Amino acid sequence: MPVTKSLYRFLAAFLIMAAAASCSVEKNTSLSRFYHNLTSRYNIYFNGYQSYLNGLDRISASNSDNYSLVFPIFEYSNRDAATAATGDMDRTIQKCSKLISLHSITARPEIKSNEPLTGSEKEFYERSEYNDWVDDSYLLMGKAQMIQGKYNEARITLLHNSRESSDPLVVTASQIWLARISTETAGYSEAARLLEKISPARLPAEIKAEYFLSVADLALRQGDYSGAIEPLASGVEELSSKNEKIRLTFLLARVAEESGNRALAEKHYREVLKMNPPYELEFNARINQAGVFDVESGDAGDIRKNLNKLMRDEKNREYLDQIHYALGNLALRERDTVSALDHFRKSAYLSTGNSTQKGRSYLVLADYWYDASDYLKAQAYYDSTATFLSTDYPGYSEISTLSRTLTELAGNLNTISREDSLQYVASLPQPQRESLIAGIINEITLREREAEAEVDQRYNMGEFYENQRRFSGDISASGKWYFYNQPALTFGKSEFRNRWGERPLEDNWRRINRSRTGIFASGSTAEETDTAGLSGASGGIKSADYYLRNLPLTDSLVEISNERIALALYNAGRILAEQLEEVILAAEYYDRFVSRFPDHMMVPQALYNLVMLSRNKSPALAEGYSRRLVSEYPETEFAKIISDPDYYSKRIEEERRSAQLYNQAFEEYKNGNNTAALSLCETGLEKYPGSELIPKFNLLRTFAMATMVDERELKAMLAAIVQEFPESPEAERASALITHLNTEIPELKIEEEQQKARELFSTDITGPHYFVAVIMNNNEDINRLTFDVINFNIDNYTSENYSANGELRNNRFVMITVGTFPGRDEATAYRESFDPAMIFGDHTSARVITFIITPDNINILKNENDPEKYNLFFLENYMPAK
């Protein structure tokens with residue numbers, strides 16, 4: 001028996017070695033194909049596929065769907081969740097690569113018969129791959145690469161597979177995943193083209209599900225909710241995974257809800273509830289079901305009862321915001337606006353960790369007040385909406401734009417209200433004004449006390465409930481203090497922010513006023529308001545000076561206040577008309593503007609806008625505005641447009657002729673005919689004074705005259721263009737030419753600077769003076785240089801007690817100031833005795849400028865930080881008197 005067993009073992013080993021030797025991928029026999037297919041399927045491919053499934057499980061565990069939104073069909077579309085599978089997908093790719101490299105059979109089998117080949121035989125012998133698991137490996141590799149976000153690599157892999165595979169199902173699956181790559185990278189046209197080529201009728205369930213879900217995903221990515229319903233429902237029917245079926249049935253309900261098909265949405269929410277889903281999904285299904293319930297045909301009482309039951313359940317404490325949101329939607333559908341608004345406000349207030357829900361609650365409130373044309377309330381809610389919703393929330397861009405528009409409108413409306421109120425208070429007799437301010441201060445003090453008492457009460461109640469929960473065992477870890485309890489800490493932080501806003505960590509934080517105070521808040525920023533001071537500080541919100549300083553108590557301040565009101569009225573009308581399309585309300589603000597400020601420079605444009613706004617709804621009113629515009633402002637562009645229907649066509653013709661004349665002048669200039677070019681430019685300036693080409697005519701005229709005038713006159717002409725048309729390309733060109741002239745002829749620059757110095761500095765050079773030494777280098781020892789000047793004063797002016805101060809100015813030069821001298825003569829004598837080379841010695845090698853200067857002019861110099869310019873003024877006004 002032992003001999004027989006040994007013989008069997010030897011024979012078995014020999015057969016295995018012989019089989020292996022005959023199964024090289026270089027040989028294509030039935031035995032080699034069997035061996036490589038067997039090894040591929042049950043060894044390498046199996047391990048790679050298991051890694052792939054493990055990766056999908058990790059993605060599912062890491063993914064967190066937002067049930068209040070239309071979440072992605074495929075969990076790997078959440079890139080944060082997809083990173084959890086990186087290791088598993090790497091292993092999958094490695095296994096697939098190994099299978100392809102070790103077990104791919106591309107050698108053709110020998111044809112043993114001389115008989116003609118049948119069609120199937122011919123197809124077999126023309127195959128490019130004879131291992132049935134190689135194309136499956138390419139497909140699996142492409143999927144893993146795609147899930148990793150390596151879209152280019154995945155596209156190359158799957159394109160190769162779709163072209164080389166001989167298995168129609170593998171080709172179809174490759175095309176489906178190629179479409180998914182295009183969808184993920186926003187190549188929607190290519191994805192649609194690939195999917196349209198596929199007929200799903202005879203596909204197996206797994207591939208059919210992949211197809212329908214890919215079609216639905218493409219529709220959702222493009223916002224086509226109605227178009228996504230049917231393929232999503234078909235895909236769900238083909239799924240075998242219970243969890244995936246529950247998840248996507250819920251998504252199907254959300255998609256139906258977004259498409260406006262409430263009945264279908266409610267049907268699918270009911271299906272989810274029957275599937276015994278996880279608690280969070282069940283909860284959200286019940287919440288969303290309330291939002292789509294048909295109150296016309298059903299009894300909302302049961303829905304409300306279920307929601308109130310959920311609210312009383314302690315484990316739903318973190319979901320109270322969603323419950324109130326659902327109750328608000330139910331009330332809104334029942335047309336109970338008061339209850340609906342109350343629930344939405346509670347939803348926003350109670351939302352602590354779910355910023356999306358908080359934003360959605362604010363959005364409903366914002367939309368309500370916007371539809372009611374209460375733009376101040378709408379602005380506040382839209383601002384909060386934009387703060388809490390993420391930028392990828394559907395419609396966020398429109399929400400953000402509307403929020404900015406309403407913020408601009410609210411700023412103007414608040415300016416009108418504030419300035420009118422300030423003017424009213426300023427007009428009161430002083431005793432009445434002081435009494436009003438005292439009443440405001442008393443109200444602020446009372447509010448502070450109430451707020452502090454409320455916080456103390458909340459703290460005591462919170463401490464009581466926290467102790468109750470400790471004894472009830474709600475805090476699982478023994479001795480887990482409040483600030484170690486993350487949920488409690490998060491709730492506390494949110495409560496603090498809801499009550500007090502964002503506050504810096506500092507003493508007496510409660511006493512800082514975070515909001516503007518009634519009618520007296522000026523246009524200061526939040527930071528200025530915060531730093532206005534503690535309540536006891538001078539200028540704080542409980543000081544009368546704080547309010548008096550904003551009152552327009554002089555004619556000039558009233559004028560400034562009126563200008564603010566005028567611009568705010570005009571801008572409010574403009575925003576309402578152009579951005580919110582509130583024609584009637586816009587006309588009201590424009591009318592208030594022209595009635596209250598009839599002499600304002602913008603009245604013609606406001607009247608024109610009133611004509612345009614009133615033309616359709618009130619022709620008689622529009623006619624009145626037109627008559628006023630034409631009679632009072634006949635020379636304005638707006639009056640000409642109203643009085644002449646053909647004005648625009650005439651202007652276009654005028655511009656055409658103007659352009660024709662300019663082109664003719666330019667050709668003459670290019671040909672060296674400066675006199676002819678100059679004449680044509682003069683004609684253009686005279687005939688077409690309103691043309692857009694006036695800056696061009698001016699510049700070309702200057703070029704044509706360049707050989708007829710000297711450099712100073714040429715520079716003056718260029719400077720006139722810069723001054724008259726400051727924002728034009730012609731002004732930019734003129735500035736460049738002025739710079740060139742200054743470089744080529746330095747005297748021109750000096751003359752220009754002298755003129756600027758004459759306009760800038762005061763020619764009243766009587767009275768006290770300072771002496772100034774300017775060292776034109778920023779890398780000097782200021783203390784050393786200042787000490788040198790002090791030593792000079794001690795040695796030569798002991799009895800005068802002159803002070804010397806050194807400072808670095810504008811990080812460009814050191815300025816040492818000596819004084820004060822009683823008058824110009826004393827300062828001049830000091831300057832004449834001051835020898836920089838002797839005093840500073842080798843402590844500086846920089847150029848030193850010395851001059852004397854009045855107190856008024858030294859203040860100007862410090863603002864301008866241009867000692868060279870003042871030195872020109874000094875040389876012109878002081879040196880002749882030497």
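In this predicted model, Phe 250 is buried, with a relative accessible area of 0%, a value that falls in the buried class because that class takes in everything under 20%. Leaving aside neighbours within four places in sequence, Phe 250 is in contact with Tyr 67, Phe 71, Tyr 269, Val 272, Leu 281, Asn 284, Ala 285 and Asn 288. Phe 250 is also, together with Ile 73 and Leu 232, one of the residues that touch the most other members of the largest nonpolar core, which has 66 residues. The element that gives the most to this core is helix α10 (residues 205-221), with nine residues. Apart from this core lies another one, of 58 residues, which includes Phe 344, Leu 363, Tyr 633 and Ile 641. As a general background, nonpolar side chains tend to be buried together in soluble globular proteins.

**Aromatic pairs**

A search of the whole structure finds 44 aromatic pairs, and two of them are set out below.

| Pair | Arrangement | Centre to centre | Angle between planes |
|---|---|---|---|
| Tyr 67 and Phe 250 | edge-to-face | 5.2 Å | 75° |
| Phe 851 and Phe 874 | tilted | 6.3 Å | 50° |

Tyr 67 lies in the loop between α2 (30-62) and α3 (79-82) and Phe 250 in helix α12 (residues 242-259), so their pair ties together parts that are 183 residues apart in sequence. Tyr 67 counts as buried, at 13% relative accessibility. The pair of Phe 851, in strand β4, and Phe 874, in helix α40, links parts of the chain that are 23 residues apart. Phe 851 is buried with a relative accessible area of 0%, and Phe 874 is buried with one of 2%. Elsewhere, one aromatic cluster is formed by Phe 771, Phe 792, Tyr 797, Tyr 802, Phe 821, Tyr 830, Phe 834 and Phe 840.

**The sheet and its helices**

Strand β4 also belongs to an open sheet of four strands, whose order is β2-β3-β1-β4 and whose pairing is antiparallel. Because β2 (803-809) and β4 (848-853) stand at the edges and have a single partner strand each, one side of each is left without a neighbour in the sheet. From one strand to the next, the twist averages 20°. Strand β1 (residues 769-775) and strand β3 (residues 813-821) run antiparallel and are joined by six bridges, and Val 772 has Thr 817, in β3, as its bridge partner. Helix α36 (residues 782-796) lies across β1, β2 and β3 and runs at about 160° to β2, while helix α39 (residues 855-864) packs on the sheet, touching β1, β2, β3 and β4, with a direction that makes about 135° with that of β4.

**Backbone details and loops**

Within strand β3, where Thr 820 has its place, the peptide bond from Gly 819 to Thr 820 is cis, with omega near 10°. Asn 865, a residue other than glycine, has a positive phi, near 55°; Asn 865 sits in the loop between α39 and α40 (867-877) and counts as buried at 15% relative accessibility. Glu 581 likewise has a positive phi, near 55°, and is found in the loop between α25 (555-578) and α26 (583-596), but Glu 581 counts as exposed, at 65% relative accessibility. Asp 392, in the loop between α19 (375-388) and α20 (396-427), is exposed, with a relative accessible area of 66%, and the side chains of Asp 392 and Ser 390 are joined by a polar contact of 2.4 Å.

Methods:
Residues numbered from 1 in each chain as written. Predicted model: local features only at pLDDT ≥ 70, side-chain atom pairs only at ≥ 80, totals over all residues. Heavy atoms only, no water. Core = buried A, V, L, I, M, F, W, Y, C linked by side-chain atoms within 4.5 Å. Buried < 20%, exposed > 50% of the residue type's maximum accessible area, 1.4 Å probe, protein only. Helix = DSSP H or I, 4+ residues; strand = E, 2+ residues; numbered from the N terminus. Contact = heavy atoms within 4.5 Å. Polar contact = N/O pair within 3.5 Å; in protein donor to acceptor, adjacent residues only side chain to side chain. Pairing = 2+ DSSP bridges. Axes fitted to C-alpha atoms, helices over the stretch in contact; angles between N-to-C directions. Phe/Tyr/Trp six-rings, centres within 6.5 Å; stacked < 30°, edge-to-face > 60°.
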